[in-house]
Each structure stands twice: as C-alpha cells, then as structure tokens.
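Please prepare a short briefing on this protein model.

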Amino acid sequence: KTIFSINEQNSIITSVVQPLIKNDNTYGVIIIAKSTQYKDLSIANLSFNLLHNLIILIFIVMLISIFYARSIIRPIKSLSNIANFYKIKKSEKFDNKVFPKRGDEIGILSQNFKDMSEELFKRINELEKISADLAHELKNPLSTIKSASELLLKKQNEPQTQKQLISIIEKDTNRMNKLITDFTNYTKIRAETDMFENKEVDFNYLLKEITKTYQINEKTIEKNLIIDTKLIDRKSIITGNYEKFSQAIINIMDNAISFSPK
C-alpha cells in the first residue's frame, strides 16, 4: 500500500508499506516513509526565481518597447513639425539637417518626404515666376488697349484714326489671348507629363518613324528638302513618354521646314 499523510509542518509524507512474504508465510513488514518538505522548498524557490526572472524580463521588455517606440515616434513627430513649420513659413527654404537620417523605413520615408516637398516648392516657385512674367507681359497690351480706347472716345469724328486705333486694340487683344493660351497649355502639358508613365523608348527608331512621314510632306517637296537618316541607324534607348517625345520632334521638324529656304 501507499499511504499519504501530513505531519506537523504541513508537509506531505508518502509511506510505502510492503509485507515480507516467503512460502506463503509473512515474516514482517517494510515501511518506507519520505517527507516532501525539501521538494516543497525547492519548488517554492524555483517558483520564486521564475517569478523574479519574469518581473525582470517584463521590465526589460518595457524598456526596449519604450526605446523603440521613441525611436519611431520621434522622427515621425519631427516630420510632422517640419510640415507644420513650412506650412506657416512658406518662403523658408528646406534645411537638410532637420530631416531625420536613418537606415530603415523611417529614413526612406523622411527622404521621400524631403524630395516631395522640394519638388512641390520648386513647382510653386516656378508657377509664381511664370504668373509674375505673365502679369508683366499682359500689362503692356492692357496699357495700349486702355490708351487706344481713350483716344478712340476723343477722336470719334476721325474715321482713319479710329480704324488705326481699332487695329491696335485688335492686335493687342490677340497678343493677350496668345499669352493666356500659352500659359494654359504650359500648365496643362506639365500636369500631363507628371501623369504619364515613363517607359524605355528607342529614340532613333522614333526619329525614323517620324521622318518617314516628312518624306512625302507637301512643304518638304515644295522646298526640295532632303532628310538624311544615315546617322540614326543604331539603337539609342532613353526613358520617357513616347507620345510627348513624338510631339516635341514633330514641332521641331515643322519649325525647321517652315524656316528653311528652298
């Protein structure tokens, strides 16, 4: 039999009782008793050590988490502050030192944000310059139209003068219309260029395909012009938009033919 009991120290005592039997005769009984007190102490110590180590581990994990959280939040907060700063002070230039430099994804995000911001400011400055140039160019024809209109009101009885003034007004009006059209086309082309997907283009092949159409062009035949394509036999791969390249080359060819003598 195995008997379990509890002693005065509340430790479990395991007793194994085994009779000594030989030839069906019982000569005695062996009783082996063992207390679990030392095992309880070792288990208690082990549990205490595990709990102690677990608390230390949790503390270390918390410190590492706080460190990494701060290392991630700090550069993102820095980028947010930069965005708010340049939102208020639009005229300020970007300083390379203020952008976080890291070797991970945060660093890549910071560099992309820097490049995007610089490109945006570049476009804004470019549009401001073009708008200022356009306003300056429009002032002259507007002044001329205003002066011509005032003279036109004064010289109502002079048909010849009126005709000249009306011609001046019409000429400057067309000039203003052309300026505005050019500005509109420029902004439209810039927007389209940004939206188009760039691919690899064989530029020499593109030149050959375009020049083929000019071999039978009326203006080319009329002026006896010869287009030599011997220098564009080999490949020349560039990256860009096929349609826009074609449009640019066609414009150059048209202008070249128009201004070339026979």
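**Briefing on the predicted model**

Ile 210 is located in helix H4; helices (H or I, at least four residues) and strands (E, at least two) are DSSP runs, numbered from the N terminus. The model is a predicted one, in which local features need pLDDT of at least 70, side-chain atom pairs count only at pLDDT 80 or more, and totals for chains, interfaces and linings use all residues. Residues are numbered from 1 along each chain as its sequence is written, and side-chain values use heavy atoms, with hydrogens and water left out.

**Ile 210 and its surroundings**

- Ile 210 is buried, at a relative accessible area of 8% (buried means under 20% relative accessible area, exposed over 50%, partly exposed in between, with a 1.4 Å probe and protein chains only).
- Not counting residues up to four places away in sequence, Ile 210 touches Ser 246, Ile 249 and Ile 250, where contact means heavy atoms within 4.5 Å.
- Ile 210 and Ile 249 are 39 residues apart along the chain, and their C-alpha atoms are separated by 8.0 Å.

**The aromatic pair**

- One aromatic pair is present in the structure.
- Phe 203 and Phe 245 make up this pair, which is edge-to-face, with 5.7 Å centre to centre and 80° between the planes.
- Distant parts of the chain are linked by the pair: Phe 203 belongs to helix H4 (residues 203–214) and Phe 245 to helix H6 (residues 242–259), 42 residues apart.
- For the pair, rings of Phe, Tyr and Trp (its six-membered ring) must have centres within 6.5 Å; planes under 30 degrees apart count as stacked, over 60 as edge-to-face and the rest as tilted.
- Phe 203 is partly exposed, with a relative accessible area of 24%, and Phe 245 is partly exposed with a relative accessible area of 24%.

**Ile 237**

- Strand E5 (residues 237–240) contains Ile 237, which is partly exposed at a relative accessible area of 48%.
- Leaving aside neighbours within four places in sequence, Ile 237 is in contact with Glu 200, Val 201 and Asp 202.

**Residues with positive phi**

- Most residues other than glycine have a negative phi.
- Asp 24 is not a glycine, yet has a positive phi of about 60°.
- Asp 24 sits in the loop between strand E2 (12–22) and strand E3 (25–35) and counts as exposed, at 74% relative accessibility.
- Asn 224, also not a glycine, has a positive phi of about 60°.
- The loop between helix H5 (218–222) and E5 holds Asn 224, which counts as exposed at 61% relative accessibility.

**The chain as a whole**

- The protein chain has six helices and five strands, and from the N terminus on its elements run β-β-β-α-α-α-β-α-α-β-α.
- Its radius of gyration is 46 Å, whereas a compact globule of 262 residues would have one near 18 Å; the radius is taken over C-alpha atoms, and the globule rule is 2.2 Å times the number of residues to the power 0.38.
- The C-alpha trace spans about 155 × 55 × 30 Å along its principal axes.
- Of the 262 residues, 18% count as buried.
- Among contacts with a separation of 6 or more, 57% come from residues 24 or more positions apart.
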